[in-house]
Amino acid sequence: MSVSIAKEIIERELAQFHPTKEDDTIVFEYFGGEPLMRFDLIEEVSEFFWKTKQNKKYRFKVTTNGTLLDERKQAWFALHKDKISITLSIDGIEDEQIRNRGRAVSQDVLDFVQNTWSDSHFKSTMSRETLPNFADNIIRMTECGYRVAATIGVGIPWSDNDALIYKRELTKLAEYYLQHPDCYMIPLFRSIYAGILSVEDNASMVPPPNCGIMRNMVTYDVDGEAYPCHMFLPFVNGKTDYKKIAEIDFSDADRLVSDDCKQCNLLPVCRTCYGFNYNHRGDVSLRDKSFCAMLLAEVQVISAFQINYLVRKSENQCLTDEELLTLKDATLCYQRYSDFSFK
Ligand code: SF4
C-alpha cells in the first residue's frame, strides 16, 4: 500500500466516525502478512496523523509476529507507546511457537512488548500439533507474567478425538484458574455466553461473530478497496468477486445461517468465522462442521467453570452486575448443554 492511500483511508474513516459513549475511539490496525515489513509506511503515516489536530479519539495498533522488531523499531515504538501498541502473535514461549510458526520469538522481543504495554496481550492460536499441550502452554505463559488471548485455529479439520483432547485441556486449565483465581484468564473463559442465551428463537437469530465484522470493522487492501475483513481480501482467498462480497448482508439471519444449523441447539453459542466459511465452503452461511464437537467441549467446560468460579467468589465478596449476568447465562448454558451430545 502506498503512503498516500493509507493517509486517504485514515482521513476518510476519521471523518465518517461518529463517537458514542460506548465506542468513543477509532482504532487503526496495521495488519499483514507481516506489517513490520512496511515499517517505513507505519512510521510516516502514524507520525503524519500525530502531528495533525484531530477532535476525535483515535489510536494505532500493529499485529506482528515480532521477528522484525529490532532495536531501532523498538526505540520508535517505545517513544510513541501512548499512541500505538503492538499485539504479538505468539503460540507459545518456544516449542509451540516453533511447531506452529517455524521460529521462536526472542526473549528480548517478549520482554519489550510486555514491559512497554503492561496491559497488552499475546495472541495465541492452537493447532492440532499444539492442542495436546494447550493447558500447559497457557499456564507456562501465565506464570511468566504474560497475558494471553488463546483460541483454537479456524479452518483446521478437527476430529472427535481432538474434541476429547480439547475438553481434557480445558478442564485442566479450568482447575488451574480455580486454584489461582487472581491470575489473568484467557478471554475464552471470561465472557463467551454473556447475553446470548436470552434469544429463544433460533431461526431468526444471527449468532454473534468472532470479531467486529457485522458491527464496526472494515479492512482495506493495498489498492484501497474495502472488504468486510482480511479473510475476504483477494490475496487471502484467491477470488476477485468484490461485487459479490459487497452484496452480502451481514445483518440477515437467513443469509448467515444454513437451514441445518437453524435446527441445531448449539446455534445460540456457535461462534463462526464468516470469512473462512466463504473461502473454504463458498458461502458465509456454511459453517465448519468439524468444529461442532470442539464447540460443545468448550461450552460444557467453560459454563461449569464460570458457575464454580463465580459461586466461590460470591462467598467472599459481592458480585458485580456483569458477573451476576455471566453467572445467569452460564447456568442456563450448563442446564442446556451439559448432557447434550451430537450422537
Ligand atoms: S454447532 Fe455445528 S451444527 Fe450447530 S450451529 Fe454450529 S456449525 Fe451448525
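At what angle do helix α6 (residues 134-143) and helix α7 (residues 160-179) pack, and how far apart are their axes? In this predicted model, the two helices pack at an angle of about 30°, and their axes lie 8 Å apart.

## Helices α6 and α7

Angles under 35 degrees count as roughly parallel, and α6 and α7 are therefore roughly parallel to each other. On the α6 side, the contact is formed by F134, A135, I138 and I139, which meet E169, K172, L173 and Y176 of α7. Sorted by class, this contact comprises 6 nonpolar and 2 charged residues, with no polar ones.

## Helices α7 and α14

Helix α7 also packs against helix α14 (residues 292-314): the two axes come within 8 Å and cross at roughly 15°. These helices, α7 and α14, are therefore roughly parallel to each other. The crossing in which α7 passes α14 is right-handed.

From α7, the residues in this contact are D160, D162, A163, Y166, K167, L170, T171, A174, Y177 and L178. Their counterparts in α14 are A293, M294, A297, E298, V301, I302, F305, N308 and Y309. By class, the contact of α7 with α14 holds 13 nonpolar, 2 polar and 4 charged residues.

## Helices α1 and α2

What is the packing angle between helix α1 (residues 3-16) and helix α2 (residues 39-51)? The angle is about 40°, and the axes of α1 and α2 are 10 Å apart. With this geometry, α1 is oblique to α2. The crossing of the pair is right-handed.

In α1, the residues V3, A6, K7 and I10 take part in the contact, and they meet L41, E44, V45, F48 and F49 in α2. The class count for the contact of α1 with α2 is 7 nonpolar, no polar and 2 charged residues.

## The parallel sheet

An open sheet is formed by 5 strands, arranged in the order β1-β2-β3-β4-β5 with parallel pairing. Its edge strands are β1 (25-30) and β5 (148-152), each of which pairs on one side only. Between neighbouring strands of the sheet, the average turn is 25°, direction ignored.

How many bridges join strand β4 (residues 122-126) to β5? There are 5 such bridges, and the two strands run parallel. Within this pairing, S124 has A150 in β5 as its bridge partner.

## The ligand surroundings

Which residues lie around the ligand? They include the cysteines C261, C264, C270 and C292, and the leucines L266, L267 and L295. R287 and K289 are also among the residues around the ligand. In terms of class, the shell contains 7 nonpolar and 2 charged residues, and no polar ones.

Key
Residues numbered from 1 in each chain as written. Predicted model: local features only at pLDDT ≥ 70, side-chain atom pairs only at ≥ 80, totals over all residues. Pairing = 2+ DSSP bridges. Helix = DSSP H or I, 4+ residues; strand = E, 2+ residues; numbered from the N terminus. Axes fitted to C-alpha atoms, helices over the stretch in contact; angles between N-to-C directions. Near = placed C-beta within 6 Å. Nonpolar A, V, L, I, M, F, W, Y, C, P; charged D, E, K, R; others polar. Parallel < 35°, antiparallel > 145°, perpendicular 65-115°, else oblique. Left-handed = near helix turned anticlockwise from the far one by under 90°. Contact = placed C-beta atoms within 7 Å.
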